[in-house]
Amino acid sequence: MTTPRTPIGIDAIAFSVPDTYIEASDLAAARGVAPEKYTKGLGVSRIAIAGPDEDPVTLATNAARRLFLLSGRDPSEIGMCVVGTETAVDHSKPVASYVHGLLGLPAQCRVFETKHACFGATAALLGATEWIASGAARGRSALVIATDIARYELGTAGEPTQGAGAVAMLISERPRLVELDVGQTGSFARNVHDFWRPLHRKDALVDGHFSVECYLDALEGAYTDWKASARDAVPSELARSCYHVPYGKMASKAHRRRLAIEGVSQDDADARFATEVAPSLTFSAQIGNVYTASLYLSLASLLAAEASELEGAQVGLYSYGSGCGAEFFAARVAAGAGAFARHLDLAGPLAGRRRLTVEQYEELRRADADADRRAIPADRPSGVDDLRAATAPGPDDHAVYLGVDHSERRIYGNVQRVAQRRVA
Ligand code: CAA
């Protein structure tokens, strides 16, 4: 008789978003496009826009602070800190090192960054899960954070599919939200130029319609491999499906393609979409594409909507990274996840954001071109703590990006959250 394995998975989850957003309909009007193309044709309602004091480091840090605050877990329990991002702030120094410092994580910690377009955080999550399963974690947990600012050139077809945000996850034994089947994943990879960002560019380049085909072909490849690799252990029924969501409509295309492999007609797949996929899209419709955080934002949205009803059920997860690499795997919603998800107040960060006009958004984009070279203010901005306090945050502190010093080192500070979030 074999001893049942201790379950491993996502113990807690939290996200952060920028303070500001634009309405997709405002952007459509400014670009001379019918608003329904963005709201219905793409499934985008709002697009989160990062401000001058927000970057992938602050988004990641603020998501993780919220995670510790609400989960009851302590930074001292962390033995691995991995940040997945495709919009890193340095060619060498990982976002994870900044985050490690800003959170005050232990020195005895494996700290690194993962990049594979929107797949980076999934590589981190699966690696962390296997690290725990191997015994190397010695009872400690992993902090996995996905953080990105999705950005295309103004006026391009990709512009309505921008967004920004971060999702932080605690990976541990006996998880309170979802359990993962360690080692049961299906993979797919192919060298394609569907979406890329040369080193000198802040805005991504994309072959849009080709990227949609690459995403769907990779889904077919990864899903088929998942079924083959798991054999009789494949759950007979996936109660819900969470997909990588560059824009909401992509998830309906994905559901059609996956169910077609099971012999389900397009009409039947569309009929099942409202139950099986739509609850996972609420948050992304309000935020937009968050690249490598996107799949986990979908999972958070699903848990916020239905964790109680889904306890014990299996959820399919599809992660796609352009370039390309993809993985399909499943998660089982843990007993008690409903009450814990309510406690985590998963939708909380969406409250109190400010709507920008398209002119304000365009002005922010112009200023953003120099953000990585912006000198830190000679005088400390009002409301910002002494910079040394950035490594010893209080529970209400919110990390902000200030600029670079004389040696181009990025400098971060803290403000008290909500009331004094902005320093500009
Ligand atoms: N009312 C309702 N629907 C309308 C409409 C209207 N007035 N006008 C157009 N539509 C519909 C179209 O019929 C179309 O629907 P289908 O996809 O079901 O055919 C949809 O709106 C989009 O219209 P177009 O295809 O004409 O849009 P486009 O050519 O301007 O651009 C895009 C679409 C290629 C996805 C573009 O937004 C883009 O390049 N986005 C960035 C790339 C991307 O997100 N790729 C996704 C896969 S890659 C990936 O997932 C990685 C990643 O995160 C980037």
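Predicted model: local features only at pLDDT ≥ 70, side-chain atom pairs only at ≥ 80, totals over all residues.
Helix α6 covers residues 208-230, and its length checks out: at 1.5 Å a residue, its 23 residues should span 33 Å, and the end C-alpha atoms do sit 33 Å apart. The buried set runs through S211, V212, C214, Y215, L216, A218, L219, A222, Y223, W226 and A230. As for what these residues pack against, the partners include the strands β8 (178-189), β10 (205-206) and β11 (240-243). Helix α7 (248-261) is another partner, along with β12 (314-321) and β13 (325-333).

Helix α6 also turns up at the second largest pocket, where it gives the largest share of the lining, 5 residues. Besides α6, the elements α2 (35-42), β10 and α7 each put in at least two residues. The pocket holds about 740 Å³ of space and has 35 lining residues. Those nearest its centre are A157, G158, T161, G208 and Y247. Sorted by class, the lining comes to 18 nonpolar, 11 polar and 6 charged residues.

On to the cysteines: the structure has 0 disulfides. Take C81, which is buried at a relative accessible area of 0%. Its closest cysteine sulfur belongs to C109 and lies 5.7 Å away, so the two are too far apart for a bond; the cut-off for a disulfide is 2.5 Å. C242 is likewise buried, with a relative accessible area of 1%. Here the closest cysteine sulfur, in C118, is 16 Å off, again too far for a bond.

Definitions and conventions:
Residues numbered from 1 in each chain as written. Heavy atoms only, no water. Helix = DSSP H or I, 4+ residues; strand = E, 2+ residues; numbered from the N terminus. Expected span 1.5 Å × (residues − 1). Buried < 20%, exposed > 50% of the residue type's maximum accessible area, 1.4 Å probe, protein only. Contact = heavy atoms within 4.5 Å. 1 Å grid on protein atoms, 1.4 Å probe; cavity = no way out; pocket = protein on both sides within 12 Å on 5 of 7 lines; lining within 4 Å. Points joined across faces, edges and corners; volume = space filled by probe spheres on them. Nonpolar A, V, L, I, M, F, W, Y, C, P; charged D, E, K, R; others polar.
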